[in-house]
Amino acid sequence: MTQQANRTALVLTGGGARAAYQVGVLKAVSELLPDHKTVPFPIICGTSAGAINASVLACYASRFRIGMRRLEHVWANFHADHIYRSDFLGMSANSLRWMGAVLRGRQRTVPALSLLDNTPLRDLLSKVVPFQEIAPAINAGHLYAVSVTCSGYNSGESVSFFEGHSELETWRRYRRAGARTRLQLQHLMASSAIPLVFPAVKINREYFGDGAVRFLAPISPALHLGASRVMVVGVDPVRDESRGRVVAKNYPTLAEIAGHVLDSVFIDSLDSDLERLQRINNTISKIPADVRAANGINLKPVETLVISPSEDLSALSGKFARELPRTARFFFRRVGISGRAGSTILSYLLFESGYTQELIKLGYEDGMRQRDDILRFFEPVEPG
């Protein structure tokens, strides 16, 4: 790979409806960098719902602000029926088919087995993501690479499907790989297919689901694609480590257990990967550059900027639970999702405008609050 100027990567994690927070942060970035008519991230990597945001940005790489306005419009006007069938017939038929398959022991013979029918999401993405714009953006130099990560249900591997500059090579590491392709709708549908909630998608020879599942190194695609510094927009709120342990009064509901599982899927791997990257940076910084060069150690510290919610998104979701369609509320209550009860899983599935607008607002405020960090991060770096 040719050595070029330092490249900045954007990493957008998964999180269902929580990904609206990313839109607010990126809106702040677009206002803080008024001179950037093109996207300020030549490398864009997304997982799950973050893959949708990443793909839209890549498609509008030459028109950053237009892309941001498009993203904000979609997220600010979301309703559950834009993502999954929320009518009684749609929800009940899907649930009954699933239960019937489990009782008969014929899960393999039932196509696209899932709790919810996400056909509306497919229709929406086909309208708002112009995939044909990615290749011209790469050819014009506005974009270097974009990746969408999916989780292989058959192989157990995390596969980062990428479209990028011709000099980029595929890669393979333990339980993760990079595969060059032309990104299409099927990649987004697979990457955002929350396990059991949405159906898996077959790509080539394998069925894939949500890219956050078993994704042990969420930052690695950006590094494989040539990033020298990485901006990460997470969806996990900043934790108050001084809080004491919670005293449990009742056995956890199904919704609380599911929320815990989703947290481990979408959040824990990112935190551990950032911690690992920080340790590597600290180690590299103790080895002089000339010593690294003399011994063939082709490693450099990777600058990172992480922006995460300043408020608990689960608590916020409880305030907007009643915005869900009546049928969805009925079905969700059956598994313990109601208001504050089961608010964690609700925060991932609450695709309603009141909640998503609140997250966009919070992301924008958090971005502006880190104004100095953002401006410092985007200062030109001398090639080294």
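**Before you start**

This is a predicted model: local features need pLDDT of at least 70, side-chain atom pairs count only at pLDDT 80 or more, and totals for chains, interfaces and linings use all residues. Numbering starts from 1 along each chain as its sequence is written, and side-chain values use heavy atoms, with hydrogens and water left out.

**Stop 1: strand 1**

Select residues 8–12, which form strand 1. Helices (H or I, at least four residues) and strands (E, at least two) are DSSP runs, numbered from the N terminus. Five of the five residues in strand 1 are buried. Buried means under 20% relative accessible area, exposed over 50%, and partly exposed in between (1.4 Å probe, protein chains only).

Now show side chains. In a regular strand they alternate between the two faces of the sheet. In strand 1, Thr-8, Leu-10 and Leu-12 point one way. Ala-9 and Val-11 point the other way.

Two strands pair if DSSP finds at least two bridges between them. Look for Met-231, the bridge partner of Leu-10 in strand 9.

To get from strand 1 to strand 2, the chain passes through helix 1 (residues 20–32), a right-handed β-α-β crossover. Right-handed means that, with the strands pointing away from the viewer, the path from the first strand over the helix to the second runs clockwise.

**Stop 2: the largest cavity**

Select Ile-52, Trp-75, Phe-78, Ile-83 and Leu-121. Of the 19 residues lining the largest cavity, these lie nearest its centre. Lining residues have an atom within 4 Å of a cavity point; on a 1 Å grid over the protein atoms alone, a cavity is a set of points where a 1.4 Å probe fits but cannot get out. Helix 2 (49–59), helix 3 (64–76) and helix 5 (119–128) each give two or more residues to the lining of the largest cavity.

**Stop 3: Ser-353**

Select Ser-353, in helix 14 (residues 353–369). Is Ser-353 buried or exposed? Ser-353 is buried, because its relative accessible area is 17%.

Which residues does Ser-353 touch, not counting those up to four places away in sequence? They are Ala-76, Asn-77, Phe-78, His-79 and Glu-323. Contact means heavy atoms within 4.5 Å. Finish on the C-alpha atoms of Ser-353 and Phe-78: they are separated by 4.9 Å, although the residues are 275 apart along the chain.

Terms used. 1 Å grid on protein atoms, 1.4 Å probe; cavity = no way out; pocket = protein on both sides within 12 Å on 5 of 7 lines; lining within 4 Å.
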